[in-house]
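Have the viewer open as you read.

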Amino acid sequence: MKARDIAFGSIYSALSIILVSSSAIFGDDLFLLIFSSLPLIALTDQFGKRAGIISYAVISAVVFLIFPLRISTMIFILLFGPYSLLRDLFKSRKILRIAFHFVLLFGLAFLSYFVITYLLNLNVGKYSVYLVALGILGLLLYERFVEYFVRWYKKIVLKQRWM
């Protein structure tokens, strides 16, 4: 890795850590949590999977040490972080990519639900089906948001000469 890659990786990681920490401080704010995954997506697209995995490991470790069992920390570690690393596995085929994104999102959502419900002993009771359905709808919207962000990032930011 080049020094430039490490410097930008540190900046993107710090930005994600600040956003995840802000989400935990402000009562597990979902919008800050969604925005915290965007620097990791930009880093992975710009510098590759290796830099993305290292950055994800650093973000997860630091945030878990600061806020050990917060819902926002667990959702970032289990859902938004892995999704931002795994989202570009099927770039070439559009239909296969869309199907994979839905399967990946649903699988990560159910894993997060299982961890939050059973390991953290959070009882959601009779509203669990509604929460899962609302979570799936939110993840579909998140997927579209990420696609628009990546298009904007490639069009505006990566066209700059200094990058």
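This is a predicted model: local features need pLDDT of at least 70, side-chain atom pairs count only at pLDDT 80 or more; totals for chains, interfaces and linings use all residues.

Residues are numbered from 1 along each chain as its sequence is written, and side-chain values use heavy atoms, with hydrogens and water left out.

Now the overall layout. The protein has 6 helices and 0 strands, giving the pattern α-α-α-α-α-α along the sequence. Helices here are DSSP runs (H or I, at least four residues) and strands are runs of E, at least two, numbered from the N terminus. Of the 163 residues, 44% count as buried; buried means under 20% relative accessible area, exposed over 50%, and partly exposed in between, using a 1.4 Å probe and protein chains only.

Next, look at α3. Its 18 residues reach 25 Å from first C-alpha to last, close to the 26 Å expected. The buried residues of α3 are A51, G52, S55, Y56, I59, S60 and V63. Seen down the axis of α3, they fall within an arc of 155° (taken from the directions from the axis to the C-beta atoms), so they line one face of the helix. An α-helix has 3.6 residues a turn, so residues three or four places apart point the same way. On the other side of α3, R50 and L65 are exposed.

What does the buried face touch? The buried residues of α3 pack against α1, α2 and α4, with contact meaning heavy atoms within 4.5 Å.

Take the α4 partner. Helix α3 (residues 49-66) and helix α4 (residues 71-86) pack at an angle of about 175°, with axes 10 Å apart. That makes α3 roughly antiparallel to α4, a label for angles over 145 degrees. Among the residues of α3 that meet α4 are I53, Y56 and F64, and those on the α4 side include M74, F76 and L85.

I116, in helix α5 (residues 94-119), is 42 residues from M74 in sequence and 7.8 Å from M74 in space, C-alpha to C-alpha. At 12% relative accessibility, I116 counts as buried.

Key. Axes are lines fitted to C-alpha atoms, for helices over the stretch in contact, and angles run from 0 to 180 degrees between N-to-C directions. Angles under 35 degrees count as roughly parallel, over 145 as roughly antiparallel, 65 to 115 as roughly perpendicular and the rest as oblique. The expected span of a helix is 1.5 Å times one less than its number of residues.
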